[in-house]
Amino acid sequence: MTTQDMKIEKEAGDLSRRDFLGLLGKGAACAGALVGAGSALASAGGGAAHPLGGVGPTFQQDDAQYAEAVKNPPKIPNYNWTQHKWAFGVDADKCIGCLRCVEACKMENSVQMDRNHTRTWVERYAYLEGSNHTLVDSIHDIKNVIPGTEETRFKFDNRYKDGQYEGKKVERVFFVAKLCNQCEKPSCVQVCPTGATYKAVDGPVLIDTKYCIGCQYCVQACPYGARSLNHVRGTAEKCNWCYHRITKGMQPACVEVCPTGTRIFGDRLDPESPVSQFIRNNKVNVLQPAMGNYPNVFYKGIDKEVF
Amino acid sequence: MEKDVFYHVAPFTGFTFPNETEVPWSELIVIYPYITGLVAGAFVISSLHHVFGMERFAPISRFALLTSLCFMFFAPTPLLFHLGQPVRALNAVITPHWTSAMAAFGYVAGFYVCLLLLEVWFSFRADIVKMSQTRTGIMQKVYKVMTLGSDDVSPSALHADHTIARRLAMIGIPGACGLHGYVGFLFGSLKTREWWSSDLMPIIFLLSAIGSGVGLLIVLYVITSWWRKKPTNGGVMEGLLYVLWSGVVIVMVIEALEMVQMIYKAREGVEGVFALIQGPIQIPMVLQWGGSLLALVITSVMMLAGTRGKKLVFWLFTSGLLMMIGVLAMRWNVVIGGQELSKTMRGLMTFHPEVYGRESLVTVATLFTAPFVTLYLAQKLLPTVWEEEPIEPEERVFDIHKAI
């Protein structure tokens with residue numbers, strides 16, 4: 001047996017082991033979602049002092065931990081990025097706007113806690129009677145910040161109570177979850193002057209936070225408003241579909257905690273993965289196709305008003 | 001730190017993306033294209049004499065060149081202050097990512113600084129050699145070093161200087177246009193923002209740069225003449241009047257064309273553009289168009305009436321200043337205005353600049369004062385910049401002992 005053969009055999013062995021773990025993961029996902037959401041809530045309500053000021057979850061990575069993680073990034077053994085093509089689905093019809101995804105993401109990825117920086121968010125669209133255009137709001141609307149939380153926790157306010165808004169009847173309200181589209185032709189990667197942000201072979205667009213200079217050209221170039229500047233790190237910030245989790249066979253944090261199955265994640269190279277099935281069985285759309293970015297987040301049930 | 005988090009957060013109306021409410025490019029990015037524009041404009045004036053041999057501009061051509069160099073030194077500084085990780089700034093030069101419009105900036109700026117330094121050196125070499133022989137004390141050593149060991153002032157050597165300086169200027173013209181057209185391309189090539197995404201953007205930036213550069217030279221020439229208690233040269237003032245008039249006319253026509261195109265095409269989001277003009281950038285819009293229009297009217301009247309003498313000096317100075325203000329307002333409208341209109345086209349933000357801090361008006365004021373201070377020191381070092389003056393070695397010496 002040649003060295004190459006041994007290598008191939010080893011990879012095959014590793015793959016089957018991971019597939020097995022993946023299956024286990026799928027089974028545990030439903031239970032995990034509930035437990036995850038529950039624990040997130042419990043901890044967020046803990047009320048401990050947070051480095052960013054105000055009340056916040058105690059287990060969000062602090063600066064020292066982040067520095068350590070950057071210095072000694074976890075090694076991911078047995079992961080071959082040529083053998084995956086990750087994709088994301090959003091079933092907008094199922095979203096109830098609970099914002100557990102936003103909270104989970106902020107905790108998982110140490111995103112700045114305020115309402116002006118987020119890796120994922122949910123938009124609420126409302127048609128008033130007789131209008132062809134919607135009213136839209138999201139977590140950056142001060143009314144959607146839970147009072148007393150110093151802009152660290154969010155909940156859609158009840159402004160469309162009783163189907164009325166400023167004396168007009170509300171015809172329809174729906175939620176749309178947004179996150180980085182990990183585009184096939186990402187404009188952020190195109191404009192990055194240093195190459196600190198790049199397209200991984202398995203799909204996600206990643207940022208090397210040790211190399212990013214913080215010029216924010218990528219923030220300008222993203223048509224979807226998915227990027228922001230992390231002031232603490234001085235570098236660009238965006239969703240990477242929890243790359244540290246998916247490369248270990250886990251689901252992104254937002255998918256894990258979503259109680260309704262709005263967020264669907266999986267491998268396009270696996271025809272039986274949830275996302276492959278989602279794309280196959282539904283009429284899906286992408287956001288702003290005219291931009292030519294070829295997004296990898298596929299939406300079901302979005303309206304013409306969704307930008 | 002908590003304040004830092006909410007540093008540039010702008011209040012918004014309508015619907016914007018949450019991340020957009022923090023305006024990424026602040027007033028520092030307004031001043032950056034403004035300074036590079038002044039560089040390009042001043043350089044063009046100096047080239048009118050050096051390359052095209054327009055003798056009218058001879059008295060200020062070397063001053064224009066020096067102005068260009070002094071401003072170019074500070075062109076990249078606003079960017080450094082703006083970066084989240086300024087220490088890593090050179091990453092873009094060491095490992096440029098060539099698909100990025102921004103990757104070439106270090107090279108373009110570096111090339112241009114070198115070119116300007118070389119041209120200044122060749123233009124002033126004979127004077128430097130002379131001063132290294134006439135000065136005493138520490139300044140003699142300084143000038144000695146500045147000659148770089150080349151103290152040949154024979155007619156053939158001077159001829160070579162002149163030829164090389166002219167060739168450098170010839171490279172410099174496309175260089176200056178490229179430098180500033182490139183800045184326009186940085187904005188115009190972004191498809192995400194309706195307000196920026198225009199094919200005319202590089203041309204608008206370039207032409208307004210020349211306009212503002214001429215304005216700066218007029219202002220500086222009048223002030224320095226007053227400072228030196230010397231009359232302004234009538235020929236120079238007339239020449240500057242013609243250039244400024246042409247500049248204003250072309251800039252206004254192109255900018256108007258761009259606006260008309262945007263409105264006539266009326267793509268999705270044109271209502272947002274209207275709201276932007278009537279809302280957050282209303283005052284700078286009035287300054288931009290009002291300044292340009294006033295400059296156009298004043299210069300046109302002077303052209304028609306053939307104004308000369310003190311009246312010309314006063315009104316040309318006013319027009320130059322108006323042009324500078326108008327172009328500065330235009331930079332604000334482009335850079336800040338573009339970000340105040342949401343990518344969703346359905347919301348507006350209102351940017352309020354910080355007064356103190358790293359990215360603040362104080363920083364902008366400091367960075368914009370620095371080139372003037374540098375220019376003051378540079379003309380002390382190279383007093384022959386005013387060609388019409390005979391050298392008076394003992395009077396104009398920049399002597400460290402005297403300074404103390």
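**Two helices and two chains**

Guide: In this predicted model, helix α3 (residues 58-74) of chain B packs against helix α9 (residues 201-228) of chain B at an angle of about 115 degrees, with axes 11 Å apart. Residues are numbered from 1 along each chain as its sequence is written, and chains are lettered from A in the order in which they are written. Local features need pLDDT of at least 70, side-chain atom pairs count only at pLDDT 80 or more, and side-chain values use heavy atoms, with hydrogens and water left out.

Visitor: Why is α3(B) called roughly perpendicular to α9(B)?

Guide: The angle of these two helices is about 115 degrees, and angles of 65 to 115 degrees count as roughly perpendicular, so α3(B) is roughly perpendicular to α9(B).

Visitor: What makes the contact of α3(B) with α9(B), by class?

Guide: Contact means heavy atoms within 4.5 Å, and the residues that make it include Phe63(B) and Phe71(B) of α3(B) and Leu217(B) and Tyr221(B) of α9(B). Ala, Val, Leu, Ile, Met, Phe, Trp, Tyr, Cys and Pro count as nonpolar, Asp, Glu, Lys and Arg as charged, and the others, Gly among them, as polar; by these classes the contact has eight nonpolar, two polar and no charged residues.

Visitor: How do you know that Arg346(B) forms a salt bridge with Glu305(A)?

Guide: A salt bridge is a side-chain nitrogen of Lys or Arg within 4 Å of a carboxyl oxygen of Asp or Glu; the closest N and O atoms of Arg346(B) and Glu305(A) are 3.8 Å apart, so the pair meets the definition. The count between chain A and chain B is one salt bridge, while 60 residues of chain A are in contact with 46 residues of chain B.

Note on methods:
Axes are lines fitted to C-alpha atoms, for helices over the stretch in contact, and angles run from 0 to 180 degrees between N-to-C directions. Helices (H or I, at least four residues) and strands (E, at least two) are DSSP runs, numbered from the N terminus. Angles under 35 degrees count as roughly parallel, over 145 as roughly antiparallel, 65 to 115 as roughly perpendicular and the rest as oblique.
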